[in-house]
Amino acid sequence: MNRQPWYWLAVVSAIGFLLVGAMLTSLTVYTTTMQAEFHWDETRMGLGPVALLLGMSLGNLLTGRATSILGIRGTFLAGTMLAAMAWFGAGFVQALGQLLVAAFACGVGIGLGSIVPSLTLIAGVFDAKKGLAMGIFIGATALASSVMPYATGVLTRATSWRWAFWVVGVATFVIGLALLRTLPARIAAGPGHAAQAASGAPRRTAKWAYAALLLAITASQVSLNGVLFNVVAYLDKSGLGLPAAIRIYSIANFVSLPGLLIGGYVSDRVRPYVLLPVILLLEAIGTAALLGVTSPSAAWACLALFILVWGGVSGLPAQAGSMHLAEVAAPSSYALLLGTLFTVSGIVGAAAPAAVGWLYDTTHDYFWPMTLLAALSVLAAVAALFSRPHTGESHRVVNDGVSA
């Protein structure tokens with residue numbers, strides 16, 4: 001077995017740990033802390049994640065073009081360095097507008113340096129264990145999403161939110177520069193795509209299946225973002241207190257790690273179009289569990305359901321969707337269509353944090369926002385049922401080992 005793909009996986013997983021965990025999923029800890037200093041309401045507080053997610057969507061869209069110009073290593077380096085410098089700069093902000101600029105620039109860097117290029121690399125160089133490899137990569141970001149928000153909370157309490165921005169920015173720059181230099185400058189389409197093509201996979205993309213997949217992933221992303229960037233504030237305002245809310249948020253993100261590994265194992269054995277609707281339905285159940293947090297008699301049972309179910313599947317839509325795309329898309333179009341998938345879902349999903357904040361400011365209650373987010377996950381599950389390619393359009397490749 002060629003071990004080089006596993007080494008590349010380790011490198012991009014470490015970078016994903018930094019960019020996604022220390023920045024993307026930790027931003028809500030920063031903004032919650034900054035809210036008291038700048039006196040932002042919930043709507044304005046939600047604009048920071050919106051700016052970051054919009055920037056990330058642009059970065060996702062630019063990834064294919066950047067890779068063709070800069071190569072795989074250059075794209076990772078450009079994205080990681082941009083994100084690190086923007087995060088460092090965020091430590092100097094004095095107003096909301098400055099934070100939005102920094103968050104947007106950081107988002108572009110995260111898009112260029114994390115999920116889309118990593119999943120494209122994995123899809124190209126892994127064959128039979130592609131699902132497991134994707135699970136490990138997304139699992140690394142899930143582990144970071146569990147550890148880093150808690151660590152950020154500790155760091156901000158020990159120093160300040162400004163120092164937290166500066167420390168994370170410098171650490172990302174130094175570690176990213178050291179690790180990414182070991183990636184090859186360019187990686188051609190590997191045996192993962194070659195094996196797919198040899199197996200009879202379609203030379204033309206199954207367009208209707210892709211449209212249904214796009215709708216499913218987009219609706220799921222809106223729901224996930226709505227929970228991800230608002231659950232700390234929701235649990236805090238439900239009476240649990242900020243430290244407990246951050247712990248619950250971190251535990252839920254940690255539970256996604258074994259969920260991803262199990263999902264990776266299963267997705268190498270079960271067709272993604274079968275698995276994806278089940279994952280999205282479980283996402284809806286986990287989100288709906290949050291509605292019971294305000295009930296004294298059911299609060300802890302609902303929190304446990306949220307942690308186990310929502311946490312367990314929160315990373316799987318991206319994994320299963322990326323696997324499913326390999327059956328829906330022509331191999332030569334995979335990178336472009338994956339970037340488009342994450343761009344559209346990212347742009348639409350970017351509105352979720354502010355929308356949830358606006359609904360809370362309007363209704364003074366989280367009931368309707370959480371109900372709508374659960375309903376969106378149900379819609380995603382239904383859409384996923386229609387994303388199956390027609391018989392003969394794709395064939396599953398299953399064999400042993402990894403080639404590169």
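Close-up 1. Across the whole structure, a search turns up 14 aromatic pairs, where rings of Phe, Tyr and Trp (its six-membered ring) pair if their centres lie within 6.5 Å. This is a predicted model, so to speak of local features we need pLDDT of at least 70, side-chain atom pairs count only at pLDDT 80 or more, and totals for chains, interfaces and linings use all residues. Residues are numbered from 1 along each chain as its sequence is written, and side-chain values use heavy atoms, with hydrogens and water left out. Take Trp-161 and Phe-165: their ring centres sit 6.0 Å apart with the planes at 90 degrees, so this pair is edge-to-face (planes over 60 degrees apart; under 30 is stacked, and the rest are tilted). The two residues are 4 apart in helix 8 (residues 161-180), which puts about one helical turn between them. Helices here are DSSP runs (H or I, at least four residues), numbered from the N terminus.

Close-up 2. Tyr-30, Phe-38, Trp-40, Trp-87, Trp-161 and Phe-165 form one aromatic cluster. Are Trp-161 and Phe-165 buried or exposed? Trp-161 is buried at a relative accessible area of 5%, and Phe-165 is buried too, at 0% (buried is under 20%, exposed over 50%, partly exposed in between, with a 1.4 Å probe and protein chains only).

**Close-up 3. Helix 12 against helix 14.** Helix 12 (residues 242-267) packs on helix 14 (residues 299-313) at about 40 degrees, with the axes 7 Å apart. Axes are lines fitted to C-alpha atoms over the stretch in contact, and angles between N-to-C directions run from 0 to 180 degrees. That makes the two helices oblique to each other (under 35 degrees is roughly parallel, over 145 roughly antiparallel, 65 to 115 roughly perpendicular, the rest oblique). The crossing is right-handed, meaning the near helix is turned clockwise from the far one by less than a right angle; anticlockwise is left-handed. Among the residues that meet are Ile-248, Ile-251 and Val-255 in helix 12 and Leu-303, Phe-306 and Trp-310 in helix 14 (contact is heavy atoms within 4.5 Å). By class, this contact has 9 nonpolar, 5 polar and no charged residues (Ala, Val, Leu, Ile, Met, Phe, Trp, Tyr, Cys and Pro are nonpolar, Asp, Glu, Lys and Arg charged, the others, Gly among them, polar).

**Close-up 4. Helix 1 alongside helix 5.** The axes of helix 1 (residues 4-24) and helix 5 (residues 96-113) come within 10 Å and cross at roughly 155 degrees, so the helices are roughly antiparallel. Their crossing is left-handed.
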